[in-house]
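Dear colleague,

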Amino acid sequence: MASIGKNPRGAGWQARWRDPGGRQRKKNFARKVDAQRWLDQMQAERHRGQYIDPIAGKVRVRDVAEGWASGLTHLKVSTATRYRGLLTGHILPRFGSWAIADLRHTDVRDWVRDLSASGLSAGSVRQAHRVLSLILAEAVKDGRISRNAAAGVQLPRAVRLEPRFLSAEEVGRLVAAAGSNGLSVAVLAFCGLRFGELSALKVRRVNLLRRRLVVAESVTEVGGRLVWSTPKTNRTRPVPFPPALGPGIEALCAGKGPDDLLFTAPGGGAVRLGNWRHRVFDPACREAGLVNVRPHDLRHTAASLAIAAGANVKAVQQMLGHASAAMTLDVYAGLFGDDLDAVALALDGLVPPMCPRDPAEAPKERRQHATDAV
């Protein structure tokens, strides 16, 4: 039963009710009409199954976030680490001490605005907002709040970096400049592997007869340590390599066991991107006269060279390991030729004879009708 009475400990009114668990609850108001309005709304929410215990919403954002962060075991270590970094760096300093129910849409909107004004990139702002939204969504599922205050907040538009495509001649110069490490550059530029996939490639994943590299693992440096996982889409994929790379890959496999890494650091073990870029890639770019080139641009280059060689979108998707052909087109649509004229010419041969190609060839009665109309 719910009721309204005088506040026994001071002025004003007190609404009393029992929650679904049978516990007595109460809330104080200055005016009786406010207490009645709130009680009526609460009763309506109970009938709709939307009742939220006000006590549950008093938990701090920090406490909800810690519980959420402890449950990220389903994510890759690198992703979970990035989420926790956004949490400690941008979310908890602003909202950590707040009661979860006190967050409003405008609070989140102002926070997003302040992050952008601080100089944080649009991509990082969007990721920080995503983490906060996931935390609030967890609180909604747990019955602590009725709605997600981060939903519908306008976010800065992320600008994708312009892909850099090297020509085959530029790749050749870069490979030559890399010297004994040229094969790793060539595999990245002609096979389109992500660097972590190249570093994790083992001898048993090389099929010299079919000229295939089987991408089944990836290794990433997270917090100074190497973390092994599946590829980005969690799928194993075969990637072809050009015959010209065969001798070099075969020589690299010689004398190694099946589980040995194909490419290794000078002191052994997996190659780390930061070290490889400092030791191999950047010096080779300078010697080859290439500026503003990133290691990931070699992956873009592989896509552009494959498309130039006549590969269709599905082949490029499989080579790069994209989740869908739509993703491939989203990034590389401009590289695929415009086939609309070719389609029109192909359809031209299918136009039936009753459809005249020249107005002068139109039947006599149709030409006469057109003249009368004029």
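Helices (H or I, at least four residues) and strands (E, at least two) are taken as DSSP runs, numbered from the N terminus. The model is predicted: local features need pLDDT of at least 70 and side-chain atom pairs count only at pLDDT 80 or more, while totals for chains, interfaces and linings use all residues. Residues are numbered from 1 along each chain as its sequence is written, and side-chain values use heavy atoms, with hydrogens and water left out.

Lys202 sits in the loop between helix H8 (195-199) and strand S4 (206-207). Its relative accessible area of 15% makes Lys202 buried (under 20%; exposed is over 50%, partly exposed in between, with a 1.4 Å probe and protein chains only). Beyond its neighbours within four places in sequence, the contacts of Lys202 (heavy atoms within 4.5 Å) include Glu217, Trp228 and Asp260.

With a salt bridge defined as a side-chain nitrogen of Lys or Arg within 4 Å of a carboxyl oxygen of Asp or Glu, the count is 15. In one of them, Arg237 pairs with Glu197 at 2.8 Å, N to O. Arg237 belongs to strand S8 (residues 237-240) and Glu197 to helix H8, so this pair ties together parts 40 residues apart in sequence. Arg237 is buried at 6%, and Glu197 is buried at 2%. Shared partners also join Arg94, Arg109, Asp110, Arg113 and Asp114 into one salt-bridge network.

Within helix H1 (residues 32-47), Arg37 and Asp34 are 3 residues apart, about one helical turn; their closest N and O atoms lie 3.1 Å apart in a salt bridge. Arg37 is partly exposed at 48%, as is Asp34 at 22%.

Yours sincerely
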